[in-house]
Amino acid sequence: MSASLLEVENLRVTYRAGRRKVEAVRGVSLEVARGRCLGVVGESGSGKSSLARAILALEDGVSGRVAFDGREVLKLDRAGLAAFRRRAQMVFQDPLGSLNPRLKAGAALAEVLRVHGLAASGAEAARQAAVWLETVGLDAAYAGRFPHELSGGQRQRVNLARALCVGAEFLVADEPVSALDVSVQAQILNLLKSLQERRGIAWMLIGHDLAVMRHVADDVVVMKAGEIVERGPAAEVLARPTHPYTRELLAAAPNVEKAL
Ligand code: ADP
Ligand code: MG
């Protein structure tokens, strides 16, 4: 067993549009230990989402090394990739866009459970779906709601249940609350934190404010123009930022901090 669940070494993501080349991620190395939360902060365009997608093998034009539980992610075959994608999942910013509008919450979970062979019958899938909804703080009655009948926060809970039900042990949450009301943001961040504490989920929280990171992340990396410019325990980086860019980010004080 390797020391860290996720190890990223000298990761590079390059986009090509004709002759133009964009180096979105330029030699990033980081680790996420089992059961820990790594915060990734940086302004828009600093390469956070590119890094996230590259780690989950959702991006072409990637070089470097990504190891998950000791396995080389960028060299996985189809079957290996399918297994990896059950264990490591993305949580997106827009919870509505990632849900099928024609499927009720319970049916959405049941479908995933059946597809992955985790429930022997429809009734068993429905039973498990109800348990997962409860795990993310939704009463079983929500199984009967369509995405448009749910609030943004409830939709994000359904997304989390869908990731967890197939056995996710690592989540990459790319600005998971930036589309939600401030009051709901704290609830979803607290839910993610409690999944870490109760279930040992490791996760990356991608966002742009450092104050939120102090409450939620254990460690933090600060990205600027595709590179990590500062890293360390979240509390320390926030209390004593050494890079001017980190100080700048800190100056943009968020509201959600007060609710956490
Ligand atoms: P962030 O998530 O921090 O806002 P991104 O990873 O989305 O940053 O983007 C990093 C850089 O890569 C930006 O300059 C962006 O314009 C560019 N970029 C992102 N995705 C693509 C793409 N599919 N094709 C070309 N350039 C891209
Ligand atoms: Mg992004």
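**Entry 1: the model**
I am working with a predicted model, so I began by reminding myself that every value here is computed from it.

**Entry 2: α5 against α6**
I looked up helix α5, residues 152–165, and helix α6, residues 182–199. Their axes come within 10 Å and cross at roughly 15°. Angles under 35 degrees count as roughly parallel, so I noted α5 as roughly parallel to α6. The crossing of α5 past α6 is right-handed.

Next I listed who makes the contact. From α5 I wrote down Gly153, Gln156, Arg157, Leu160 and Leu164. From α6 I have Val184, Gln187, Ile188, Leu191, Leu192 and Leu195. Sorted by class, the contact of α5 with α6 holds seven nonpolar, three polar and one charged residues.

**Entry 3: α3 against α5**
Which residues does helix α3 span? I found residues 105–115. The axes of α3 and α5 come within 9 Å and cross at roughly 20°. With the cut-off for roughly parallel at under 35 degrees, α3 and α5 are therefore roughly parallel to each other. I recorded a right-handed crossing for α3 and α5.

On the α3 side I see Ala105, Leu109, Val112 and Leu113. They meet Val158, Ala161, Arg162 and Cys165 in α5.

**Entry 4: around ligand 1**
I then turned to ligand 1 and asked which residues are around it.

How far is a backbone N or O atom of Gly45 from an oxygen atom of ligand 1? I got 2.6 Å. For Ser46, a backbone N or O atom lies 3.2 Å from an oxygen atom of ligand 1. Ser50 uses its side chain: a polar atom there lies 2.5 Å from an oxygen atom of ligand 1.

Key:
Residues numbered from 1 in each chain as written. Chains lettered and ligands numbered in written order. Predicted model: local features only at pLDDT ≥ 70, side-chain atom pairs only at ≥ 80, totals over all residues. Heavy atoms only, no water. Axes fitted to C-alpha atoms, helices over the stretch in contact; angles between N-to-C directions. Helix = DSSP H or I, 4+ residues; strand = E, 2+ residues; numbered from the N terminus. Parallel < 35°, antiparallel > 145°, perpendicular 65-115°, else oblique. Left-handed = near helix turned anticlockwise from the far one by under 90°. Contact = heavy atoms within 4.5 Å. Nonpolar A, V, L, I, M, F, W, Y, C, P; charged D, E, K, R; others polar. Near = heavy atom within 4 Å. Polar contact = N/O pair within 3.5 Å; in protein donor to acceptor, adjacent residues only side chain to side chain.
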